Each structure stands twice: as C-alpha cells, then as structure tokens.
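Visitor: I am new to this structure. Please show me how to read it, one feature at a time.

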Amino acid sequence: MSEHTSVLLSEAIEALHINKGGKYIDATVGAAGHTAAILKAGGVVLGIDDDPIMLALAKKKLSGETRYRLVPGNFRNLKTIAQGQGFDRVDGILFDLGISTIHYADERGFSFSESASLLDMRLNPQTQAVTAADLVNSLPESQLAVLFEDVMTFKPARRLANKIVKARSEKKIKTVGDFLEIVGEGRKPMMALRMAVNSEVENLKAALPQALSLLKTGGRLVVISFHSGEDRIVKEFFGRFGRPARPVIASQAEVIKNPSARSAKMRVLIKI
Ligand SMILES: C[S@@+](CC[C@H](N)C(=O)[O-])C[C@H]1O[C@@H](n2cnc3c(N)ncnc32)[C@H](O)[C@@H]1O
C-alpha cells in the first residue's frame, strides 16, 4: 500500500494551537498523519473517517498511541457523532478535505492511471449506492453538464456531457479506461465525478456550521481544501464572522516533496 504524506502538517498543528489535554476532532482522519501530530503535541483526538479502509489504516498507524478514539462516519453528521463521543465543547477541529494518496493507488476508480478499474469512486460502498459509472450512464445530459461545471466553464462542460451521452448510447461506460476514451485528459472530469459521487460540496456545507457549534469560545476550526469551489465555500462561511485572512498555502519546499500540496489552501476560524 502506498503512503500518504500529510499536507500543511506543521502549519495545521500551529493553527490549531494544541492545548495539553485539550479535545480535538480530526474530521478526516485518513492515514492519521495530522492526528498523530495532534497527539504528539498533547491533544486528545476524536478521529472520524467515512472510508472503512482508511479507518482501519488509521487504527494500525496509531497502535501504541493513547488519548484517541476512532469512529466511522460521514462528517455531514459531525455534531451527532461528536456529541455521542462526549466531544461537544472542543478546542479545535480539522478538516483535510478530499481523498488521500492511498485512494489513488487502490482499485476503486479514483485514479486515471488505473484504467482497468471499475468507475466506482464511492468512499463508503456500505452506505452509498450510486457509483460514478451509474452517474455517467444514467444522468440526463443537462445534469451531467452541471456536474462538470464544478470543475470547468460552461461550454467545455456542455461539450463533455454531450460526448458522454453519445458514447454511452453505443456502449455502457464501465471502467476508468472507458471514461477516459471519451473525455481525453481526465483529471478534472474525474475530480468532478468523485465530488458528485461523494456529495463533497453538500457535505462540506452541512459540516461547517456544525463544527463551529461544537467549538468552545477561542476554539479553532482549520480547513484544508484542494479545489477552488471548496475554498470558496470555506471562505464564504468564515467571512460571515469577520474578514477572512488570506489562506495559508504550501511552501515551495513542500510542493517539491509532495506535489499534491500544490493546490492546498488552509483557512482558520477562531470562535469568538
Ligand atoms: C486528505 S485525506 C486525510 C489525510 C489525513 N489528514 C492524514 O494526514 O493522513 C481525507 C480523508 O477524508 C475522508 N473523507 C472524505 N470525505 C469525508 C466525509 N464526508 N466524512 C468523513 N470522512 C471523509 C477520506 O476518506 C480520506 O481518508
């Protein structure tokens, strides 16, 4: 299994201002890189992930550590999950959005280099019924275009939707390779599909107010996003509570070591 390198690790820990014995929620625990650093700094952590594979990995990574608990779940239900664990007046909450490097290496169809994989992209196949293949094979052309407009402008999105509808009338789209044959360069369309399959925008919009309500006064909400649409949502939400500061981005040195840090933007909100 490949490794995931945590993005903006020291910046996120600094932004969270870890208090010894303070309670922190890592709403996207993933490979537990940020969680391990919060524990090291003295915090107590509730780690959440919707992907059972990642949660099992986090458990393995944290073996030997204490002061943490891991809970399966989607952060759109953050408040219920946190309150159920006694984490309802917390010092800090971290969201490190999207998926990890480990996802790109597995066979769930997240990566355009895994062309034989089924076009699935569900983070949690136990709770999600609709795959990426279901969407591209069944959505009406107009809805497909709206889906792609999350990552590209109006005209290319319409063109792409039209190409897909024509292609699927001849042959069902099953694999990543089938999809790439139609769309050509696949990074952005694949991202739009993943975001739609996992309701990423809706989940983020639902989670931010819940996160704020779980923080104690002076508590910190830290969000790392990798896509301008997500950053806009975070900026708009944080902007309701004062002028948002410029986002923190990765240093050149970090981007050289870890190219996935290139598009990362971190924003911090302190509850007053
Ligand atoms: C970028 S990774 C986190 C990496 C982690 N911070 C680390 O340092 O190892 C994002 C994680 O969030 C999880 N995730 C994405 N959307 C989620 C959601 N709505 N609810 C819970 N977990 C989610 C993914 O399964 C993935 O493991």
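Visitor: Which side chain does Arg122 join in a polar contact?
Guide: A polar contact is a pair of N or O atoms within 3.5 Å; within protein, one must be able to donate a hydrogen and the other to accept it, and residues adjacent in sequence count only if both atoms are side-chain atoms. Here the side chains of Arg122 and Asp120 are joined by one of 2.9 Å. Arg122 also reaches with its side chain to the backbone oxygen of Gln128, at 3.0 Å. This is a predicted model, where local features need pLDDT of at least 70, side-chain atom pairs count only at pLDDT 80 or more, and totals for chains, interfaces and linings use all residues. Residues are numbered from 1 along each chain as its sequence is written, and side-chain values use heavy atoms, leaving out hydrogens and water.

Visitor: Where is Arg122 found?
Guide: Look in the loop between helix H5 (101–105) and helix H6 (132–138). Helices are DSSP runs of H or I, at least four residues, and strands are runs of E, at least two, numbered from the N terminus.

Visitor: Is Arg122 buried or exposed?
Guide: Buried means under 20% relative accessible area, exposed over 50%, partly exposed in between (1.4 Å probe, protein chains only). Arg122 has 14% relative accessibility, so Arg122 counts as buried. Of the 272 residues in the protein chain, buried ones make up 52%.

Visitor: Which residues does Arg122 touch?
Guide: Contact means heavy atoms within 4.5 Å. Leaving aside residues up to four places away in sequence, Arg122 touches Arg108, Phe110, Gln128, Ala129, Val130, Thr131, Val197 and Asn198.
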